[in-house]
Amino acid sequence: MRILVTGAAGFIGATTAELMLSRGHDVVALDNLVAGRRENVPGGATFVEGDCGDMALVSSLGDFDACVHFAGLIEPRVSMEQPERFFENNVASSLRLLEVLIQRGVGRFVFSSSCAVYGDQLEMPITEDRPINPLSPYGQSKRMVEEAMTWLSRLGRIRTASLRYFNAAGGTLAHPERHDPETHLIPLALDVAAGRRDYLEIYGTDYPTPDGTCIRDYIHVSDLAEAHLLAIEALAEHGELTLNLGSAVGSSNRQVVDAVRHVTGMDLDVRYVAPRPGDPASAIASNDKAREVLHWQPRHSELEKIVADAWAARSAWSKDRA
Ligand SMILES: NC(=O)c1ccc[n+]([C@@H]2O[C@H](COP(=O)([O-])OP(=O)(O)OC[C@H]3O[C@@H](n4cnc5c(N)ncnc54)[C@H](O)[C@@H]3O)[C@@H](O)[C@H]2O)c1
């Protein structure tokens with residue numbers, strides 16, 4: 001297939017583009033490099049620097065069998081300060097992208113949605129039919145695109161899959177997890193282990209969880225990448241899909257710190273500080289639907305494996321730049 005991958009210079013997009021190439025697909029990698037890095041784009045892909053909402057540019061790229069749309073701003077906290085930017089970049093650009101894909105007759109669209117659409121849920125695990133209640137413009141931006149996708153697929157314009165990722169993590173030797181600024185727990189903890197940061201802050205110790213710290217569901221980026229290929233295939237049969245992608249296992253912040261200590265052999269200076277408003281106590285996916293519909297199963301998402309792969313990817317990357 002010829003596949004348009006937006007956001008392919010970012011963490012999940014680059015990893016997925018690499019897998020697509022290894023399976024013999026042609027990949028056009030579109031990224032405006034607002035957060036991604038040119039060097040992340042896998043060698044075999046055709047790289048186009050530009051905005052996914054630039055209709056003339058996207059139209060000029062030719063025909064595609066499918067588009068996988070990773071491009072987006074990703075930081076919920078930043079979205080509380082710059083909501084307009086998130087609605088423009090994540091919603092308006094996505095709608096323009098969809099419009100031009102439909103004009104060009106592209107049949108399948110796979111979208112990076114997020115567990116942020118669920119907000120703070122009391123009952124775990126979270127199934128796809130739970131009430132939607134985003135707590136930030138970021139989560140809302142994902143929901144707005146999902147809603148447009150639902151109508152477009154129902155009206156027969158394009159087949160769509162909304163993949164609601166929980167916490168993407170891990171990494172491959174080619175693609176370590178690196179965001180700028182970094183806000184994700186595992187890379188931050190590894191930075192401390194590597195001596196690049198002095199200490200790690202953990203927000204809150206009084207949550208209603210067994211050890212008092214927040215619980216999250218970490219899903220290895222390689223498992224995510226595989227699910228995208230399966231979702232493209234599944235759209236041959238389905239007009240519209242909405243699927244959680246998570247490991248279905250919750251790990252507390254303390255468990256992550258322990259795993260990082262164990263994997264790296266380093267002690268970490270951990271500072272337990274006040275909770276942040278808006279952080280849900282727990283977010284654990286039910287992944288039953290993705291398993292059933294995609295015949296997918298997470299193979300790399302055990303916490304120690306995620307941390308070990310993230311550490312190996314990070315170490316290889318640092319060595320390259322030494
Ligand atoms: N990382 C996670 O845990 C997580 C969880 C849920 C959902 N997601 C979603 O997955 C997607 C990928 O996340 P990531 O962690 O790889 O982030 P990332 O920042 O590494 O990658 C996003 C990429 O999109 C590009 N981009 C942003 N806006 C663009 C635009 N308008 N046009 C073209 N390129 C643009 C950036 O330059 C970057 O390369 C995002 O949509 C994010 O919201 C990520």
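**Entry 1: the cavity**

I searched the whole structure and found one cavity of 30 Å³ or more. On a 1 Å grid over the protein atoms alone, a cavity is a set of points where a 1.4 Å probe fits but cannot get out, and lining residues have an atom within 4 Å of a point. Grid points are joined across faces, edges and corners, and a volume is the space filled by probe spheres set on the points.

This is a predicted model: local features need pLDDT of at least 70, side-chain atom pairs count only at pLDDT 80 or more, and totals for chains, interfaces and linings use all residues. Residues are numbered from 1 along each chain as its sequence is written, and side-chain values use heavy atoms, with hydrogens and water left out.

The largest cavity has a volume of about 30 Å³. I noted its lining as A71, G72, N90, S94, F111, S141, K142 and V145. Helix α5 gives the most to this lining, with three residues.

**Entry 2: helix α4**

Next I looked up α4, residues 83–103. Helices (H or I, at least four residues) and strands (E, at least two) are DSSP runs, numbered from the N terminus. How far apart are the end C-alpha atoms of α4? They are 29 Å apart, which agrees with the 30 Å that its 21 residues should span at 1.5 Å a residue. That expected span is 1.5 Å times one less than the number of residues.

I found N90 and S94 among the buried residues of α4, along with others including F86, V91 and L97. Buried means under 20% relative accessible area (1.4 Å probe, protein chains only). The cover over the buried residues of α4 includes β1 (2–6), β5 (108–114) and α5 (137–154). Just after α4, G105 takes a positive phi of about 75 degrees.

**Entry 3: the cores**

Then I turned to nonpolar cores, sets of buried Ala, Val, Leu, Ile, Met, Phe, Trp, Tyr and Cys residues joined through side-chain atoms within 4.5 Å. The largest has 40 residues, and L163 and V110 are among those with the most contacts inside it. Helix α7 gives the most to this core, with nine residues. Domain 1 (2–166 + 218–245) and domain 2 (185–216 + 248–320) both give residues, so this core lies between them; the bounds come from an automatic or database domain assignment.

A second, separate core of 22 residues includes C52, V91, L97 and V100.

Terms used:
Buried < 20%, exposed > 50% of the residue type's maximum accessible area, 1.4 Å probe, protein only. Contact = heavy atoms within 4.5 Å. 1 Å grid on protein atoms, 1.4 Å probe; cavity = no way out; pocket = protein on both sides within 12 Å on 5 of 7 lines; lining within 4 Å.
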